[in-house]
Amino acid sequence: MRSSRRRSPPTINGQVASYRAQSVARLAQAPSRRREATVAADGSSLDGLTKVIDGTALMSAAGAVGPDEANIVRIMPSTYLGERAPGETVEKAPSILPAAFVHLIGQGRAEDVRVISRFPDSQSSQDTIQIIRILWSGYYANILFLIRNDRYALHIEAGNASNRAVQVFEDIIAIHEGATGWPSPSAIGVGQHAGNRQTYRRVRARSPYAGLGMHDNINWSEASYTLIKDSVLHGTGIDGRSLVLTSTGSGLVSPVVVRGSTLAGHVRMDCTYLSGVAPKDQKANRYGYSLTVYASSPIDAVGVCDVSTLTLMSAASPSSAVALTGPAAAALFGASPDYREGAADYPARVYGALAWTVPAGESDPGVTGAARLSDQRGNAFWLGVAWDGLAPVTVNLALDYRGLSNDAVVAALNNALASAMGNNTGGRAFSLSQPYNNRPPVHQPDREGRGLNVGSTTILHGMALAWSGHDVRAMTSTDATSLFAGIAIGDTIPGRPARFLRTGWIGQAQLRFDGMPSTQPGDRFQVSASVPGALVEGTDLPLLVVRSVEPHGACLKIIESVLFTGDTNQAVRDAFASITYRDVPGLGDAVDAKASRSANLSDLGSAGAARANLALPLRPGDTGFVPQLGAERREPRPGGHGAGHWQRGPDPAGGVARDRHRDRRAPQGLRALRCDRPAVRCGRLPHVNAD
């Protein structure tokens with residue numbers, strides 16, 4: 001019997017209660033709209049905002065905000081001019097300077113909300129004229145900024161402030177028409193600060209110099225993060241850049257992610273330090289940005305890190321290795337040296353983490369070997385070096401290095417090493433090198449490959465690689481172009497994973513050539529006959545073609561198809577040498593069947609004999625033809641299915657005439673038609689080509 005007692009209402013379990021509490025907390029932290037201001041097409045506003053370029057009004061139009069609030073300025077479609085009037089003093093401060101959490105939103109398309117600032121070529125102080133500068137958190141959408149002879153069309157810069165700003169730009173168009181008195185007129189100029197978070201969605205930026213130029217700042221405790229999505233960055237001039245990432249000495253690596261975007265113009269990653277960088281941040285690897293590009297256009301990436309560091313190299317052997325100990329290790333190589341494994345053809349080495357030089361144009365803050373080592377006389381200053389897994393050799397380095405050049409310091413180190421090894425170093429030595437120049441930290445996951453180096457030689461950066469199963473090795477001139485895997489990224493000894501670029505573009509400085517090529521657009525390059533993996537100009541089995549030559553260097557395109565260019569016949573022979581017609585499904589049987597029938601027909605004297613030989617229906621006049629008996633009207637069946645279907649007359653016995661035609665197989669897989677309907681039969685087979 002069903003109980004009549006009413007059930008109590010369900011209670012909220014702990015999981016639901018926790019979820020509700022989290023949702024409420026998230027909502028409480030979401031900025032709310034405190035006040036909205038609308039800028040009319042004539043620039044007037046009921047809120048006291050008289051001009052969209054009036055920085056003071058823009059800061060105060062919406063009033064002060066609390067920590068969880070945001071104010072909105074809506075700009076109606078119009079053209080807002082920021083040009084200098086005749087006789088008027090040029091504005092050296094930003095025309096638009098939004099306060100924190102003031103969102104600027106154009107009403108309609110970006111093309112309909114235009115902020116324009118053009119100055120003559122003779123205009124002075126072009127580097128200080130800026131139509132807008134953004135320092136704080138905010139959201140900006142649906143606005144076009146167009147300038148000429150100004151600093152940037154869109155300037156986002158808070159110095160090295162601790163704002164930790166979160167800035168989002170959507171459907172923004174920034175166009176810089178160029179400047180005669182400002183050398184770096186990017187369409188969008190960005191100076192990031194520690195903890196800065198920036199997102200660019202559907203942003204179009206264009207300038208003769210660069211679409212978007214970005215730099216970090218010095219001595220950070222927190223990295224920045226940048227996402228560029230569904231955007232177009234275009235450097236329109238000769239040697240124009242789509243994206244510029246300049247590292248100035250933050251001491252950290254900040255990620256920049258580009259997704260689903262078009263980058264027209266090369267990508268440049270520079271390392272130009274500002275004054276005041278802490279000694280610990282004066283690194284050999286100066287790159288303060290890492291760039292990840294996927295689902296986007298191919299890029300030509302240039303990396304400039306032209307500083308030298310101390311290097312200690314072993315001798316090449318299957319057991320080649322180097323390890324450091326002792327109080328001098330940190331002073332010479334820093335806290336985190338870069339160790340590289342060795343092989344029979346590749347000496348093991350260790351690169352210092354500290355820079356011993358600065359690029360041309362920078363003042364030396366004290367990074368030379370003499371400045372770093374100073375006077376070590378009387379100190380326990382020694383270096384333990386373990387070669388090839390053997391017991392360490394103790395090198396006494398308690399010397400006075402003051403006043404010595406870098407070359408003199410290296411010579412003193414090598415003298416001490418030779419003394420410790422009984423003047424039998426076997427080629428092991430200290431030196432200075434630039435291991436990170438032309439090696440920008442760029443990753444293109446959808447264009448790269450991975451595989452073990454299964455060859456007997458070391459793969460060097462910029463070599464052409466060949467497939468060996470699902471792994472790779474250095475390519476040779478005798479390999480078929482169908483084996484081409486890509487261009488090596490980094491050095492890889494045998495047995496270690498190799499990384500390589502499979503498709504896209506690559507700069508000349510990142511390729512390994514046999515000799516010094518003279519490149520012109522359209523030149524093709526193939527593997528050298530004397531140096532495996534190295535490239536030489538040639539058209540026999542080309543792998544790359546020069547797509548452009550600009551001041552920063554040549555850009556080459558990886559040829560993805562062996563039929564793209566070069567000796568097509570040779571390429572086809574290489575790619576299909578082992579394939580026969582029997583490898584194509586169905587083709588072998590068809591060819592064999594045709595050959596069999598052709599052989600039979602060659603011995604026959606008439607078409608009737610051919611039909612008999614192939615078990616095809618005979619026709620009147622053929623030997624052995626037997627006419628069909630019985631009443632039959634050979635008229636097309638109304639609504640029939642085409643030629644070959646006929647309507648039968650009444651059966652002489654008065655019964656229902658049924659098809660007595662049997663399903664049968666024609667030779668070589670040709671099947672006769674089958675009819676299962678009453679009173680319908682197949683009077684003849686469709687025409688069959690016996691050939």
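1. Ser336 lies in the loop that joins helix H3 (328–333) to strand E24 (338–340); helices (H or I, at least four residues) and strands (E, at least two) are DSSP runs, numbered from the N terminus. Ser336 counts as exposed because its relative accessibility is 53%, where exposed means over 50%, buried under 20% and partly exposed in between (1.4 Å probe, protein chains only). Its C-alpha atom is separated by 7.8 Å from that of Gly352, 16 residues apart along the chain.

2. This is a predicted model, in which local features need pLDDT of at least 70 and side-chain atom pairs count only at pLDDT 80 or more, while totals for chains, interfaces and linings use all residues. Residues are numbered from 1 along each chain as its sequence is written, and side-chain values use heavy atoms, with hydrogens and water left out.

3. Strand E13 (residues 210–215) is largely enclosed by the rest of the structure, because 5 of its 6 residues are buried. E13 pairs in the parallel sense with strand E10 (residues 188–191) over 4 bridges; two strands pair if DSSP finds at least two bridges between them. In this pairing, Gly191 stands opposite His215 of E13. E13 also pairs in the parallel sense with strand E16 (residues 241–247), over 5 bridges, and here Gly213 stands opposite Val244 of E16.

4. E35 forms 3 bridges with strand E39 (residues 553–558) in the antiparallel sense. Gly507 has Cys555 in E39 as its bridge partner.
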